[in-house]
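Please examine the structure shown below.

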Amino acid sequence: MIPIENATPAEVSIRRIAVGDVASFHRCLDTVAREGRYLAMLEAPPLDQVSDFVAEGRKHGIVQFVAVAADRVVGWCDVSPIRWVGFRHSGNLGMGLLSEFRRRGIGRRLLDATLTESRRQGITRVQLEVFVSNRAAVAFYEKHGFNHEGLKRNARELDGGSEDMACMVRFLSPGGAPSGR
Ligand SMILES: CC(C)(COP(=O)(O)OP(=O)(O)OC[C@H]1O[C@@H](n2cnc3c(N)ncnc32)[C@H](O)[C@@H]1OP(=O)(O)O)[C@@H](O)C(=O)NCCC(=O)NCCS
């Protein structure tokens, strides 16, 4: 059997998350979190919490896409709408890919699918926070139309060091193609 990390881009599909993906999504999230450099969490929450997040997501309009190779989740992108009155046009974006699937255009495909669906659901402001040290992700978001709108200084203190986080935003034009490219 060919190892899945050798999957060609055409063999990696992008689709809405399904209930049956939860265990695989949890493993993927945990693997990226344990790299310790990219996500705010250092390990995935327990499986039942991730399962609830996916189930709640379906109920509350969280836009959740996954990248799948040979039935295994290798990446995700989600936008969680803010539920407060007055803020419902905004959503928080999170994403990640297993290391062996990075820099093959899969992040771009995940982002495109997630933003297109977010816009369809009426979200016009997509915001995120990213460690300034995560140069790949900052470059990725800049390339895809996100603008810097602030800096959270000393946002994380860990192992004797501290890290700043950049706040970034991209506006989506209602009813049109995602804008800001
Ligand atoms: C950020 C991430 C999702 C990007 O996905 P990806 O599939 O690797 O990105 P793509 O292949 O679609 O890259 C598109 C563009 O992003 C930029 N980019 C991506 N990785 C980069 C890197 N290592 N260095 C510099 N630029 C990079 C480039 O502009 C690239 O275009 P190019 O390949 O034509 O130069 C991925 O690197 C990742 O999962 N990182 C770890 C988890 C993470 O950081 N999540 C975000 C937390 S806020």
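Arg108 is partly exposed, at a relative accessible area of 39%; here buried means under 20% relative accessible area, exposed over 50%, and partly exposed in between, with a 1.4 Å probe and protein chains only. The model is a predicted one, in which local features need pLDDT of at least 70 and side-chain atom pairs count only at pLDDT 80 or more, while totals for chains, interfaces and linings use all residues. Residues are numbered from 1 along each chain as its sequence is written, and side-chain values use heavy atoms, with hydrogens and water left out.

Arg108 forms a salt bridge with Asp112, and the closest N and O atoms are 3.5 Å apart. The term salt bridge denotes a side-chain nitrogen of Lys or Arg within 4 Å of a carboxyl oxygen of Asp or Glu. The two residues are 4 residues apart in helix H3, so about one helical turn separates them. Helices (H or I, at least four residues) and strands (E, at least two) are DSSP runs, numbered from the N terminus. Asp112 is partly exposed as well, with a relative accessible area of 25%.

How many salt bridges does a search of the whole structure find? The search finds 11. One of them links Lys59 to Glu56, with 3.3 Å between the closest N and O atoms. Both residues belong to helix H2 and lie 3 residues apart, about one turn of the helix. Lys59 is exposed at 63% relative accessibility, whereas Glu56 is partly exposed at 29%. Another salt bridge joins Arg15 and Asp21, whose closest N and O atoms are 2.6 Å apart. In this pair Arg15 is partly exposed at 30%, but Asp21 is buried at 7%.

Helix H1 comes next. Its 13 residues should span 18 Å at 1.5 Å a residue, and its end C-alpha atoms are 18 Å apart, which agrees; the expected span is 1.5 Å times one less than the number of residues. Among the buried residues of H1 are Val22, Phe25, Cys28, Leu29 and Val32. Helix H2 (47-60), E3 and E4 are included in what covers the buried residues of H1. Just after H1, Gly36 has a positive phi of about 80°.

The structure also holds 4 aromatic pairs. Rings of Phe, Tyr and Trp (its six-membered ring) pair if their centres lie within 6.5 Å; planes under 30 degrees apart count as stacked, over 60 as edge-to-face and the rest as tilted. Phe25 and Trp76 form an edge-to-face pair, 6.0 Å centre to centre with 70° between the planes. Because Phe25 lies in helix H1 (residues 22-34) and Trp76 in strand E3 (residues 72-81), this pair ties together parts that are 51 residues apart in sequence. Phe25 is buried at 4%, and Trp76 is buried at 5%. Phe140 and Tyr141 also make an edge-to-face pair, with centres 5.5 Å apart and 70° between the planes. Tyr141 is buried, at 7%, and Phe140, Tyr141 and Phe146 form one aromatic cluster.

Two backbone details remain. Most residues other than glycine have a negative phi. Ala70, however, has a positive phi near 50°; Ala70 lies in the loop between strand E2 (63-69) and E3 and is exposed at 60%. Arg103 likewise has a positive phi, about 60°. Arg103 is found in the loop between strand E4 (90-97) and helix H3 (106-120), where it is exposed at 86%.

Terms used: Contact means heavy atoms within 4.5 Å.
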